[in-house]
Number of protein chains: 2
Amino acid sequence: MDAYEFIKDAIIEGKFVPGMRLAEESLAKEMNLSRTPIREAIRQLEAEGLVIPLKRGVSVRHFTKDDIRQIYDLRTLLEGYAASQAAIHRTENDLVEMEKANILYEEAINQHVESDMDSLKDIVRVNQKFHEAIVTASKNEHIHFHISKVVVVPIVFRSFYWYNSFQLKQSLEVHKTILEAIKNREPERARIGMHEHIYQGRDHVLKHLEQIKNIHLLKEEEK
Amino acid sequence: MDAYEFIKDAIIEGKFVPGMRLAEESLAKEMNLSRTPIREAIRQLEAEGLVIPLKRGVSVRHFTKDDIRQIYDLRTLLEGYAASQAAIHRTENDLVEMEKANILYEEAINQHVESDMDSLKDIVRVNQKFHEAIVTASKNEHIHFHISKVVVVPIVFRSFYWYNSFQLKQSLEVHKTILEAIKNREPERARIGMHEHIYQGRDHVLKHLEQIKNIHLLKEEEK
DNA sequence: CTCAGATTCATTGTATACAAACAGATAAAT
DNA sequence: ATTTATCTGTTTGTATACAATGAATCTGAG
């Protein structure tokens, strides 16, 4: 669906932010459509929890620090399980896909120069490919379905752009550990590796949120 | 939403079955509405995975035995985690709610007479209340959100109506174990109890599906 | 008889129209 | 001045209309 993609992308890109009131008419005008397809897209996004209904229109959902913690707990649980299952069910082809994704990841990190947004965007994208490959190898499409819903949220915060080279190199190491565990069919080690990896991400996002909050407080004081 | 409830209920009640082609117009006529609200309801149900888009119209999703296995794995993971978290975060009030639900469950089981559909429906409802109470006590609304999506699917199969008194008494025992573990703040025991409980349900549904399949095969032969 | 092409009919996708609900502003009354 | 009531403009909810798409049927040629 087109309107769906448009709105979702706008949220992910930060064009629509939490608290912002979105009316159907204005959205429709912005993308040269009538209200009908817009409404359908909104219903989908509501069902996914990305957007919440307002008395008047909708708003992109506002996630608190507590939400982030909960979502990462959930994601750790799901992706950790997926990794352990991947270690059991993975085929040779799955392994090839995972390795391919990880080589791209390594290349992206090596080419990366400190605080260059575009190269970071690349890294995020390739990282996702790697995670996707693992979930695919777990052979549980229902978990896949739920993970895909959970993964979007942290992206909204664009905390990734704050990773430094050291952290990136570190996460590459964890990737390699996970990959090796899945290759050697060690479910528990794969799970633990994934836990570590995602909790790293969680800490990072939370720290980022803390900074944003401070900036916000600063602005409040300035007034 | 009204059209949403209508369609979802129809699926749960078995009025709309997998493979059945549902056109917007006919749905609209059936509930005296125009197509517009119907379409929105369908988009929601699609996002939840209960219904799949067809080239022409939609159909309620057909779940295979493998889907059931995957969904129960997922549910075990999520509800097991919720139980362990409940053992950590539960308040006195949560405990009261859980005990209340479980007393109702015990009463419903004691009043139950073998293969009475209505009393089994009651039991299913009260059982859900118990599970709800645990998830609430876990203090993670995002897990709650995902569990609620996962729980609907097995209901569609109405395998519950095949429980016998012995199985019901057995599941009451497991409920009590879980409750005690949460009360005594033993996360791991709560998780294991929940695992056992849900895997019991899974075996039951799978056995039921096997029977249905046999009946189906019988019918095929009769032709 | 079989298959390709044209035709018809059902069904979706989108636009538009209008009524009902609601928020905010203005006016009136105490 | 504060509160209540009314009015007004905006925004949603639903219905309807029509074009685009796809499936099924029919027709004619080989």
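This is a predicted model: local features need pLDDT of at least 70, side-chain atom pairs count only at pLDDT 80 or more; totals for chains, interfaces and linings use all residues.
1. Extent of the interface. Contact between the two chains involves 27 residues of chain A and 27 residues of chain B. The area buried between them is about 2,500 Å², and carbon and sulfur atoms give 61% of that area.

2. One salt bridge joins the side chains of B:Arg61 and A:Glu141, at 3.7 Å from N to O.

3. Elements on the chain A side. Helix H3 (35–48), helix H4 (65–89) and helix H7 (141–156) of chain A are the elements that give two or more residues to the side touching chain B. The largest share, eight residues, comes from H4(A). By class, this side of chain A has eleven nonpolar, six polar and ten charged residues.

4. Setting of A:Asp73. This residue lies in helix H4 of chain A. A:Asp73 has a relative accessible area of 17%; the limit for a buried residue is under 20%, and A:Asp73 is therefore classed as buried.

5. Partners of A:Asp73. Neighbours within four places in sequence aside, A:Asp73 is in contact with A:Tyr199 and A:Arg202, and with B:Tyr81 and B:Asn140 of the other chain. Its side chain makes a polar contact with the side chain of A:Arg202, at 2.7 Å. A:Asp73 and A:His195 are 122 residues apart in sequence, with their C-alpha atoms 9.3 Å apart in space.

How values were computed:
Residues are numbered from 1 along each chain as its sequence is written. Chains are lettered from A and ligands numbered from 1 in the order in which they are written. Side-chain values use heavy atoms; hydrogens and water are left out. Contact means heavy atoms within 4.5 Å. Buried area is the accessible area (1.4 Å probe) that two parts lose on being put together, summed over both. A salt bridge is a side-chain nitrogen of Lys or Arg within 4 Å of a carboxyl oxygen of Asp or Glu. Helices (H or I, at least four residues) and strands (E, at least two) are DSSP runs, numbered from the N terminus. Ala, Val, Leu, Ile, Met, Phe, Trp, Tyr, Cys and Pro count as nonpolar, Asp, Glu, Lys and Arg as charged, and the others, Gly among them, as polar. Buried means under 20% relative accessible area, exposed over 50%, partly exposed in between (1.4 Å probe, protein chains only). A polar contact is a pair of N or O atoms within 3.5 Å; within protein, one must be able to donate a hydrogen and the other to accept it, and residues adjacent in sequence count only if both atoms are side-chain atoms.
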